[in-house]
Amino acid sequence: MRGTAAIALAIVLFLLASLPQAQGTAPATPLTLLSRDGRRPVPTIVLSGQELVALDDVAALFQVAVREDTLAGGLTITYRGQTIVMSSDQPMASVSGRVVALPSPAVRSGNRWFVPLDFLPRALGPIYESRIELRRPSRLLVVGDLRVPRVTARVDVPGPPTRATIEIAPAAPVVVTTEPGRLVLRIEADALDVTLPAGGGGLVDAVRMGDQPSTVAVFLNERAGPARAVSADVNGNTRITIDVPGIAPPSETTAVPPAAAPPAAGAAAPPPVFSTSPAAVQTIVLDPGHGGDDVGVRGARGAQEKAITLQVARRLRTLVEMRLGIRVVLTRDEDRTISLDERAAIANNSKADLFLSLHLNSAPVAAVTGAEVFYLRLDREGEDARRAAESDEVPLPVLGGTMRSIDVIQWDLAQARHVEASAALAGILEQTLRAQVMMSARPRQNGPLRVLTGVNMPAALIEMAYLSNADQERLAQSEPFQSSVVQALYNTIIGFRSYLENQRTP
């Protein structure tokens, strides 16, 4: 009886040992290896939340030797005299004597050993002859010194006119050609790591990979006019800005006025028309609040103040530049940290005529809602500074023996001379915002706001909504709400320009 039981137990143990110790599933998107030899798929499995690659596949792809130490329960991977040692119970590897942490240990499934995908860049990469880079989000494994820039695309302003932006990181030469119904960007690279929007917007139907390698195509719809693409280097990246005007329907076509009759013989020709003074508003600085490590207000569902303010600022810049021809400067055009003094310095060095700081609000009570406008309030010291700002001048000699006066004012009191214009700006902002979005119970307020004190031009701060309110958090992230805010600010700029022109009219 004992002999029969022993035989049965031995059979059970043999069957258990014959079964695979782990069963994995293939990932939804396969991993692709890019090298000088081209593209090839890399088989992987997902097991207990970890993506794994078989060591026999690694051996075939990278010409490494794999040896199993059954006694110690470990593995030795060798490449050109250098070794990697792994075990099945520790999430680490010894790479030529240096310990490297890994997400999980080696796993045996049937007769095959699997290692975590990060083994390739972390453990094999340091001893391999070529660079190994894992780009997990885009499902790429780049081997060797290939030029594989990351390419992202977005539609900033649906319009019309429509503005789309394509970012290439790091910078790479680009040739843009116009074809019927589309623009084609030919990027000088070995391959592209692309993240493209699922759809288009406005006059752009879609942005997709082109017909040829290393090309991206921007497809335009039938209402699109001739598109214009401008390339710029921004912090080591290439930015392609594409502006697409709309084609006006026949009913909206502007009639060409008849030519003026020539002057009668002997009559004096009319005098030429010259602009006697510069435009009241030539440069605007938009200040998207927060950025980088400074998230600002965060809504309960994850909305971030720093992201929404940048989205609105970009859209407003496009609208103002295209329709009004006014130069627009952003204190930040990416997700980076920037101090209040830096923001003021950008505005002052740009010699701006107007400064708008964009923010979102928060309150302890979730029921508080609505947009608010803030402008600088001066205390007694500030009033004294304003009067001093109107009179503090230093005479400097100029060529020819005459003197020229320049203004001198303390940096932290630069706003003092503009308090009246800033108050007028705040009033216009309240009116235009009220026509587009919900306002709070206190729509216009004043106070000694630090971001406004150092700018030497009319300035105001706009709190667009309260992210502490669930409905307003959802609203602030929506395209219709942001479009309404942009339209209100655009109308404000037109109204304030008229105010300044009236102020200087004799």
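Reply: Start with the largest pocket: 22 residues line it, and Arg-163, Arg-239, Thr-241, Arg-317 and Asp-333 lie nearest its centre. This is a predicted model, where local features need pLDDT of at least 70, side-chain atom pairs count only at pLDDT 80 or more, and totals for chains, interfaces and linings use all residues. Numbering runs from 1 along each chain as its sequence is written, and side-chain values use heavy atoms, leaving out hydrogens and water.

Me: How much space lies in the largest pocket?

Reply: Rolling a probe the size of a water molecule over the atoms shows where empty space is left. Here that space is about 450 Å³. A pocket is an open set of points on a 1 Å grid over the protein atoms alone, where a 1.4 Å probe fits, with protein on both sides within 12 Å along at least five of seven lines; lining residues have an atom within 4 Å of a point.

Me: Which strand gives the largest share of the lining?

Reply: β21, with four residues. By type, the lining divides into eleven charged (Asp, Glu, Lys and Arg), seven nonpolar (Ala, Val, Leu, Ile, Met, Phe, Trp, Tyr, Cys and Pro) and four polar (the others, Gly among them).

Me: Is Ser-357 buried or exposed?

Reply: Buried means under 20% relative accessible area, exposed over 50%, partly exposed in between (1.4 Å probe, protein chains only). Ser-357 has 0%, so it's buried. It sits in strand β25 (residues 354-361).

Me: And Ser-130?

Reply: Ser-130 is partly exposed because its relative accessibility is 25%.

Technical notes: Grid points are joined across faces, edges and corners, and a volume is the space filled by probe spheres set on the points. Helices (H or I, at least four residues) and strands (E, at least two) are DSSP runs, numbered from the N terminus.
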